[in-house]
Amino acid sequence: MNFFTDELKKITDRSEYIQNPKFVGQSCVFRLSDDVTGKLEFITGIVANHYNSLRLKLFNKSEGPIDTQLMGIGDIIGNKKIYSNIQSPYIWKDGNDIDWYGYKPTDSDYSAMSETVDDYLSCFAEQELSEDEELSISLT
């Protein structure tokens, strides 16, 4: 594992929907259902080597891409005091050195990132029907 996958693991370990993720390169790949696979990764914005967003892609095995969602880290956990500025947190890659720039996310920050990912995934997860719903469907 590397820095990126270590950080993704802190998010996926808190997830209700991401089970048995595989960490490859700088990404996390997981199965949402029998037909839907997801990929979660940190990405850069305008500035190279400033990883300030999470990108979540969903794919259908037989039909291809379903959707892609970009989630700004600052949009999820808010702006933070980084040195003397208030700004959006990001991961900074400087040669072989990779770390959060001036701010280390807290447990509640990782939980917020996981909840945001789960909110999105809940729109695509197969919902289990309750016994009452199954009964009403079988009676109609």
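Buried residues are those under 20% relative accessible area, exposed residues are over 50%, and partly exposed residues lie in between (1.4 Å probe, protein chains only). By this rule glutamate 41 is buried, at a relative accessible area of 9%. The model is predicted: local features need pLDDT of at least 70, side-chain atom pairs count only at pLDDT 80 or more, and totals for chains, interfaces and linings use all residues. Residues are numbered from 1 along each chain as its sequence is written, and side-chain values use heavy atoms, with hydrogens and water left out.

Salt bridges were examined next. The term denotes a side-chain nitrogen of Lys or Arg within 4 Å of a carboxyl oxygen of Asp or Glu. Six salt bridges are counted by this rule. In one of them, glutamate 41 meets arginine 55, with N to O at 3.0 Å. Glutamate 41 belongs to strand β3 and arginine 55 to strand β4, so the pair ties together parts that are 14 residues apart in sequence. Helices (H or I, at least four residues) and strands (E, at least two) are DSSP runs, numbered from the N terminus. Arginine 55 is partly exposed, at 24% relative accessibility. Lysine 104 forms a salt bridge with aspartate 99, and their closest N and O atoms are 2.6 Å apart. Aspartate 99 is partly exposed, with a relative accessible area of 31%.

Another salt bridge joins lysine 10 to glutamate 7, with the closest N and O atoms 2.8 Å apart. These two residues are three apart in helix α1, which means that about one helical turn separates them. Glutamate 7 is buried at 3% relative accessibility, whereas lysine 10 is partly exposed at 34%.

Both residues also take part in the packing of α1 on α3, through a contact made by Glu7, Lys10 and Ile11 of α1 and Tyr110, Met113, Ser114 and Val117 of α3. Contact means heavy atoms within 4.5 Å. The axes of α1 and α3 come within 8 Å and cross at roughly 70°. The two helices are therefore roughly perpendicular. That label covers angles of 65 to 115 degrees; those under 35 count as roughly parallel, over 145 as roughly antiparallel, and the rest as oblique. Axes are lines fitted to C-alpha atoms, for helices over the stretch in contact, and angles run from 0 to 180 degrees between N-to-C directions.

Each helix holds a buried residue with contacts beyond its neighbours in sequence. Threonine 5 is found in helix α1 (residues 3-12). Its relative accessible area is 2%, so it is buried. Beyond neighbours within four places in sequence, threonine 5 contacts Phe23, Val24, Gly25, Gln26 and Ser27. Leucine 121 is found in helix α3 (residues 107-122). Leucine 121 is buried, at 0% relative accessibility. Outside four places in sequence, its contacts are Tyr17, Ile18, Phe30, Leu32, Leu56 and Leu58. The C-alpha atoms of leucine 121 and serine 15 are 9.8 Å apart, although 106 residues separate them along the chain.

Asparagine 49, in the loop between β3 (36-44) and β4 (50-60), has a positive phi near 70°. Tyrosine 83, in the loop between β6 (80-82) and β7 (85-87), has a positive phi of about 55°. Asparagine 49 is partly exposed at 33%, and tyrosine 83 is exposed at 56%.

The structure holds zero disulfides, a disulfide being a pair of cysteine sulfur atoms within 2.5 Å. The sulfur of cysteine 28 is 19 Å from the closest cysteine sulfur, in cysteine 123, which is too far for a bond.
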